[in-house]
Amino acid sequence: MLLLMVVIPGRAQNSIDRMVEDYSTVGTSSFTSVVERDPNTRQVKKVVKVLTLPGHQTSQFHDAFLKEKATGTFTEQQQSGVQTLTLTCEKPAQTRLYMLRRTSGSGKVTIIVKMKKP
């Protein structure tokens with residue numbers, strides 16, 4: 001049972017991360033990734049990935065967020081035609097924030113990985 005509890009939270013981030021990696025190679029999407037490093041140690045402090053895609057492709061991400069919502073803190077908001085889903089996963093070494101903002105015409109998936117100090 002304990003092993004299952006450890007595996008399930010890791011699976012959530014991996015499925016959304018895998019989808020972003022897969023869609024980042026599709027011709028109709030745009031993908032950027034930025035890494036922030038500590039200037040003294042060169043260790044990674046934060047990674048930000050942003051995938052922008054057409055609206056018709058956002059439904060699969062919406063489904064993935066809903067399937068993974070139990071693995072962290074999940075919120076869903078609808079305002080002025082923009083739907084925003086946010087999933088925050090806390091781990092001992094890092095905090096991972098997943099956000100999906102979508103309208104009928106486009107969508108944006110943002111993943112922020114912030115490393116915690118040892």
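Biologist: Is Lys116 buried, partly exposed or exposed?
Modeller: In this predicted model, Lys116 has a relative accessible area of 34%. Buried needs a value under 20% and exposed one over 50%. The class for Lys116 is therefore partly exposed.

Biologist: Which residue forms a salt bridge with Lys116?
Modeller: The rule asks for a Lys or Arg side-chain nitrogen within 4 Å of a carboxyl oxygen of Asp or Glu. For Lys116 the closest N and O atoms of the pair are 2.9 Å apart, and the two residues are 26 residues apart in the chain. Lys116 lies in the segment after β6, and the partner is in strand β4. That partner is Glu90.

Biologist: Is Glu90 buried, partly exposed or exposed?
Modeller: The relative accessible area of Glu90 is 52%. The cut-off for exposed is over 50%, so Glu90 is exposed.

Biologist: Which strand holds Lys49, the salt-bridge partner of Glu21?
Modeller: The side chains of Glu21 and Lys49 meet at 3.3 Å, N to O. This pair links distant parts of the chain, 28 residues apart, with Glu21 in helix α1 (residues 2-23). Glu21 is partly exposed at 37%, and Lys49 is partly exposed at 22%. Lys49 sits in residues 44-54, strand β2.

Biologist: What is the N to O distance in the salt bridge of Glu36 and Lys45?
Modeller: Glu36 is partly exposed, at 34% relative accessibility. Lys45 is also partly exposed, with a relative accessible area of 37%. Their side chains meet in a salt bridge with an N to O distance of 3.6 Å.

Key. Residues are numbered from 1 along each chain as its sequence is written. This is a predicted model: local features need pLDDT of at least 70, side-chain atom pairs count only at pLDDT 80 or more; totals for chains, interfaces and linings use all residues. Side-chain values use heavy atoms; hydrogens and water are left out. Helices (H or I, at least four residues) and strands (E, at least two) are DSSP runs, numbered from the N terminus. Buried means under 20% relative accessible area, exposed over 50%, partly exposed in between (1.4 Å probe, protein chains only).
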